[in-house]
Amino acid sequence: MSLISARTSKVMASSELEAPAVEDVNRLVQAAILARDHAYAPHSHFYVGAAVLLHDGRIIGGCNVENASYSLTQCAERVAVTTSVASGYRSFRAVAIASVGGAMPCGACRQVLAEFGMDLYVYTIDVIDGEQQVRRLSELLPDAFSTSDIPSS
């Protein structure tokens, strides 16, 4: 099997999630906006909140936590994911990210989210005008690195 057909098969094998219900999206967006209030961003003053919607309907939030050593800064999306995992949850339906301008997740956050499923819905919210966008993670990170890329021993 060629590399291209192997990658195509891997993407097509992903299970398709149904979009969350409007009520769940509204709760998710509100949780991300509220999480933003807890952001620690004394250096950039770019405050971000994120929240993940679990398959059981629960929502877990996170916010960015900056550090004077910029490379140690943690994005809101990764905080929400790691908090979820630390709480015993690993099955996500969607993530919402709230910021000025409705910023998309960075590459590192996209890769961390990919660990838990490429069919995840990604909602971005501009906290200034309320504009929302939605995309599938597979659109934001095509050909993501995954466990199938790790050679078995």
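How many helices and strands does the protein have? It has five helices and five strands. Helices (H or I, at least four residues) and strands (E, at least two) are DSSP runs, numbered from the N terminus. Along the sequence their pattern is α-α-β-β-α-β-α-β-β-α.

This is a predicted model, in which local features need pLDDT of at least 70, side-chain atom pairs count only at pLDDT 80 or more, and totals for chains, interfaces and linings use all residues. Residues are numbered from 1 along each chain as its sequence is written, and side-chain values use heavy atoms, with hydrogens and water left out.

**Confidence**

pLDDT is the predictor's confidence in each residue, from 0 to 100. Its mean for the protein is 90, and 90% of the residues reach 70 or more. Over residues 1-14 pLDDT stays under 50. For that stretch the model has ten contacts (heavy atoms within 4.5 Å) beyond four places in sequence.

Strand E3 covers residues 92-99, and eight of its eight residues are buried. Buried means under 20% relative accessible area (1.4 Å probe, protein chains only). Two strands pair if DSSP finds at least two bridges between them.

| Strand paired with E3 | Residues | Sense | Bridges |
|---|---|---|---|
| E1 | 49-54 | antiparallel | six |
| E4 | 121-126 | parallel | six |

Leucine 54 has phenylalanine 92 of E3 as its bridge partner. Serine 99 stands opposite aspartate 126 in E4. From E3 the chain crosses through helix H4 (residues 107-114) to E4, a right-handed β-α-β crossover. Right-handed means that, with the strands pointing away from the viewer, the path from the first strand over the helix to the second runs clockwise.

**Helix H4**

Cys109, Arg110, Leu113 and Ala114 are buried in H4. Seen down the helix axis, the buried residues of H4 fall within an arc of 140°, so they line one face. That arc is taken from the directions from the axis to the C-beta atoms. Their cover includes helix H3 (76-86), E3 and helix H5 (137-140).

**Cores**

A nonpolar core is a set of buried Ala, Val, Leu, Ile, Met, Phe, Trp, Tyr and Cys residues joined through side-chain atoms within 4.5 Å. The largest has 19 residues; Val52, Val95 and Leu137 touch the most other members. E1, H3, E3, H4 and H5 each give this core two or more residues. Apart from it lies another core of 13 residues, among them Val29, Ala96, Tyr121 and Tyr123.

Notes
Buried < 20%, exposed > 50% of the residue type's maximum accessible area, 1.4 Å probe, protein only.
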